[in-house]
Amino acid sequence: MNDPSSEFAALIERMTQAICRGDGAAATACFVPDGIYHDGFYGEFRGREAIRDMVENHFHANARDFVWKLADALSDGSLGYARYDFTYTSKIAGSVGTRVHFPGIAQLRLKDGLISRYSEVFDRGLALAQMNFAPERIAKSLARWAAAEKPGGK
């Protein structure tokens, strides 16, 4: 009998480690062709090419030295959750070289053993504060993300 949580843990580990390496092709291989990756900073990316672009041209353009540690991965075969600790070194102007760390929770929808939707919850303000963003910049970013969360947002 297959253990959905073990299979899920292996899948999410493959995805996260591919992203840490900057291997967009390996990361997207974990998704169904029209899969969605909803990132807490950059928003929603639909389809393998868009997800690959996110990994290679957003994540790795703005940060380096990624460490993504997973814990407590659980799944029933169609829905999965995992806690994580995410760490990186910023390449963003004004915070170049700053090490950033935050915990989060990932929720994944699964289809045919692959990811159909990845989404996450973490404290964005914590990350921005660690990068020494000005309070006004943090407030502006948080207000934009809050507006997007409202029904009919954006």
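Me: Helices here are DSSP runs of H or I with at least four residues, and strands are runs of E with at least two, numbered from the N terminus. Which of them supply at least two residues each to the lining of the largest pocket?

Reply: This is a predicted model. In it, β1 (31–39), β3 (63–75), β4 (79–90) and β6 (114–122) each do so, along with α3 (48–62) and α5 (135–149).

Me: What is the volume of that largest pocket, and which lining residues are closest to its centre?

Reply: The volume is about 370 Å³. Of the 24 lining residues, Phe 41, Tyr 42, Tyr 88, Ile 92 and Met 131 are the closest to the centre. By class, the lining has 17 nonpolar, three polar and four charged residues.

Me: Why is Arg 124 called buried?

Reply: Buried means under 20% relative accessible area. Arg 124 has 17%, so it gets that label. This residue lies in helix α4 (residues 124–130). Leaving out residues up to four places away in sequence, Arg 124 touches Gly 40, Phe 41, Leu 142, Trp 145 and Glu 149.

Me: Which residues of the largest nonpolar core touch the most other members?

Reply: The core has 38 residues, and Met 15, Tyr 37, Trp 68, Tyr 88, Ile 115 and Tyr 118 touch the most other members. Helix α1 (residues 4–21) gives the most to this core, seven residues.

Me: What does Trp 68 touch, not counting residues up to four places away in sequence?

Reply: Contact means heavy atoms within 4.5 Å. The partners of Trp 68 are Met 15, Thr 16, Gln 17, Ile 19, Cys 20, Tyr 37, Tyr 84, Asp 85, Phe 86 and Tyr 118.

Key. Residues are numbered from 1 along each chain as its sequence is written. This is a predicted model: local features need pLDDT of at least 70, side-chain atom pairs count only at pLDDT 80 or more; totals for chains, interfaces and linings use all residues. Side-chain values use heavy atoms; hydrogens and water are left out. A nonpolar core is a set of buried Ala, Val, Leu, Ile, Met, Phe, Trp, Tyr and Cys residues joined through side-chain atoms within 4.5 Å. Buried means under 20% relative accessible area, exposed over 50%, partly exposed in between (1.4 Å probe, protein chains only). On a 1 Å grid over the protein atoms alone, a cavity is a set of points where a 1.4 Å probe fits but cannot get out, and a pocket is an open set with protein on both sides within 12 Å along at least five of seven lines; lining residues have an atom within 4 Å of a point. Grid points are joined across faces, edges and corners, and a volume is the space filled by probe spheres set on the points. Ala, Val, Leu, Ile, Met, Phe, Trp, Tyr, Cys and Pro count as nonpolar, Asp, Glu, Lys and Arg as charged, and the others, Gly among them, as polar.
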